[in-house]
Amino acid sequence: MKFDEFGLERWLLREAEIDLGGGGVSKLALGDLVAGLDLNQLLKYGRTDGSDYLKGLVAEWYGVEPGQVLITSGTSEANLLVNLTLLERGDGYVTEVPMYEQTVGVARALGCRIGEFHLLEENRWRPDLEELKEAVSSGTRIVFLDNPQNPTGALLTETELRTICEIAGDAGAWVHCDNALRGSEMDGVPGLVPFPDWERSVVTGSVSKLGATSPRIGWVVGPEELVERCWVAKDYTTLGHSRLGEVLAGRVLGMRGALVERNLAYSRASLEILGKWIGDNPHLSWVEPRAGFTGFPRYDYDIGSVDFCEKLLDEEGVLLSPGAFFGVEGHLRICTGVPADALEKGLRRVDAFMGRLG
Ligand SMILES: Cc1ncc(COP(=O)(O)O)c(C=O)c1O
């Protein structure tokens, strides 16, 4: 397997005075999670499929059985396991665009044929289902989507998700839904996922976007037989996720309701600031996100998004993420999971930069 460099993740390692490049919410501190922790517990392996306790918490959030849950090292390992389990060289893999490029990067490295269907900005980032129909064939093994969507913050409707599942189902393909942004929906209602309603579907997610990326804990949720097969693969990838991370993730999921409220307070304040800023600038436009921790405005300057962001970082010390890393040019991803003062300060500097673009 040969991997292409994961452009976004390398980009996000850049040092910046004001970092608005990420796609998550301000993180919790270790001290927020450790009260009353058993300090005598041994630093040993846990169960490689996850503790009953954690599987139970995840199962409860999804309304599924604990046997339909595998605990993993973040959504990242969950996505990897799904791909390693379901895909063979030469299989068709159909992904939405724009997208967070991890899963398609793995599919490409596995030697799959990549097809695409687009979310249409002119249609409020709704999926182009006609294009999906054309992209899917009998050789398609996985149709991949993000819901809630990164970077656009769009949410699928019930009809859209059903249609996607029907198109995939008619071709005998699986629907894989990356649900890493669960809990970030502005209306407080979890975005739709295909499992358990659709038999050939699988969902992946983690505690990262609840405010804790360091535990590196995520999950696969799907039919028991697929979960078992992912577990078999997991013995070869990481053997076990972090047992310490699992303890912390249990705490995060245990305070999920309060965290969702905390995190929405960041997004609500940021979306107001961002909406006004975009409204005041004739070079910018956007479709307001309905979930997630990012805005994804379009700009009309004659400069590529990587160039835009490189120059902005050099000249103003502000990190944004280029649309090119999500498969669409002429866009910037701006983090809304940050304190309002940081966002305002960053946007003032982006204004100064754009003033010099013309
Ligand atoms: C859509 C999506 N999937 C997966 C990930 C990976 O997250 P993690 O492995 O921390 O759960 C991210 C991280 O930004 C993401 O945005």
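A residue is called buried if 20 or more other C-beta atoms lie within 10 Å of its own, exposed if 12 or fewer, and partly exposed in between, with C-beta atoms placed from the backbone. The domain bounds come from an automatic or database domain assignment.

Take Ala168 as an example. Setting aside residues up to four places away in sequence, Ala168 touches Val136, Val143, Ala173, Trp174 and Val175; two residues are in contact if their C-beta atoms, placed from the backbone, lie within 7 Å.

Before going on, a word on what you are looking at. This is a predicted model, in which local features need pLDDT of at least 70 and side-chain atom pairs count only at pLDDT 80 or more, while totals for chains, interfaces and linings use all residues. Residues are numbered from 1 along each chain as its sequence is written.

Now step back to the whole chain. It has 11 helices and 15 strands; helices (H or I, at least four residues) and strands (E, at least two) are DSSP runs, numbered from the N terminus. The radius of gyration of the chain is 20 Å, close to the 21 Å that the globule rule gives for 358 residues, so the chain is as compact as a globular protein of that length. That radius is taken over C-alpha atoms, and the globule rule is 2.2 Å times the number of residues to the power 0.38. The C-alpha trace spans about 55 × 55 × 40 Å along its principal axes. Of the 358 residues, 48% count as buried. Among contacts between residues at least 6 apart in sequence, 73% join residues at least 24 apart.

How do the two domains meet? The centres of domain 1 and domain 2, taken over C-alpha atoms, are separated by 25 Å. Their contact takes 26 residues from domain 1 and 31 residues from domain 2. On the domain 1 side, helix H9 (residues 256-279) gives the most, with six residues. By class, that side has 14 nonpolar, eight polar and four charged residues. In this grouping, Ala, Val, Leu, Ile, Met, Phe, Trp, Tyr, Cys and Pro count as nonpolar, Asp, Glu, Lys and Arg as charged, and the others, Gly among them, as polar.

Next comes the ligand. Of the 14 residues around the ligand, Gly74, Thr75, Ser76, Ser206 and Ser208 come nearest; a residue is near a molecule if its C-beta atom, placed from the backbone, lies within 6 Å of it. Helix H3 (residues 74-86) gives the most to this shell, with three residues. The shell has two nonpolar, 10 polar and two charged residues.

Some backbone details deserve a look too. Most residues other than glycine have a negative phi, and most peptide bonds are trans. The peptide bond from Val97 to Pro98 is cis, with omega near 0 degrees, and Pro98 lies in the loop between strand E3 (92-97) and helix H4 (102-109). Asn150 and Pro151 are also joined by a cis peptide bond, with omega about 20 degrees. Pro151 sits in the loop between strand E6 (140-146) and helix H6 (158-170).

Trp125 is not a glycine, yet has a positive phi of about 60 degrees. You will find Trp125 in the loop between strand E4 (113-120) and strand E5 (126-127). Is Trp125 buried or exposed? Trp125 is buried, because 21 other C-beta atoms lie within 10 Å. Leu239 has a positive phi as well, near 65 degrees, and belongs to the loop between helix H7 (224-237) and helix H8 (243-254). Leu239 counts as exposed, because it has 9 C-beta neighbours inside 10 Å.

Finally, visit Leu43, in the loop between strand E1 (18-19) and helix H2 (52-62). Leu43 and Leu244 are 201 residues apart in sequence and 7.2 Å apart in space, C-alpha to C-alpha.
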